[in-house]
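Thank you all for coming; I would like to take a few minutes to walk through one structure with you. Please have a look at it on the screen before I go on.

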Amino acid sequence: MRFIMPWPPTTLSPNARVHWSKLAKAKKEYRNACAWTAISQGARRIDAAGLHVSLTFHPPSRRAIDLDNCLARFKSGIDGLVDVLQVDDSKWRLTIQKADEVGGFVKVELR
């Protein structure tokens, strides 16, 4: 299965300095957006003991961006996928990479 998720907002960056309530709201909104995006692309509950999940980050611009910050920003998106797939993310094996081309989205591939 393959899904295209929206790019995480800057407020979810570990380097962002935002009020806790604004951060909580952004996390909730992004989690819901990713869950609904996955559902609209055919995601459903799957029976699996674990998953191999490949994340490819396509940044919105050519600005330098750290891969570890991309993963941290996408944590709420992962939680949204867990809500839909019903496979605990502690049972996931992750592969992360950053694409050379821009696009402003996160490509998620499940195996």
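Which residues does Thr-11 touch, not counting residues up to four places away in sequence? With contact meaning heavy atoms within 4.5 Å, Thr-11 touches Ala-16, Val-18, Lys-22, Leu-23 and Ala-26.

Before I go further, a word on the source: this is a predicted model, in which local features need pLDDT of at least 70 and side-chain atom pairs count only at pLDDT 80 or more, while totals for chains, interfaces and linings use all residues. Residues are numbered from 1 along each chain as its sequence is written, and side-chain values use heavy atoms, with hydrogens and water left out.

Thr-11 is found in the loop between strand 1 and helix 1, residues 20-40, where helices (H or I, at least four residues) and strands (E, at least two) are DSSP runs numbered from the N terminus. Thr-11 counts as buried because its relative accessibility is 17%, buried being under 20% relative accessible area, exposed over 50% and partly exposed in between, with a 1.4 Å probe and protein chains only.

Strand 1 and strand 4 (residues 105-110) run antiparallel and are joined by 5 bridges. Within that pairing, Arg-2 has Glu-109 as its bridge partner in strand 4, and Ile-4 has Lys-107. Strand 1 has a covered face with Phe-3 and Met-5, whereas Arg-2, Ile-4 and Pro-6 make up its uncovered one.

Finally, consider Leu-110, whose place is in strand 4. Leu-110 is buried, with a relative accessible area of 8%, and, not counting residues up to four places away in sequence, it touches Met-1, Phe-3, Leu-51, His-52, Val-53 and Leu-85. Although Leu-110 and Arg-2 are 108 residues apart in sequence, they are 6.4 Å apart in space, C-alpha to C-alpha.

Terms used. Two strands pair if DSSP finds at least two bridges between them.
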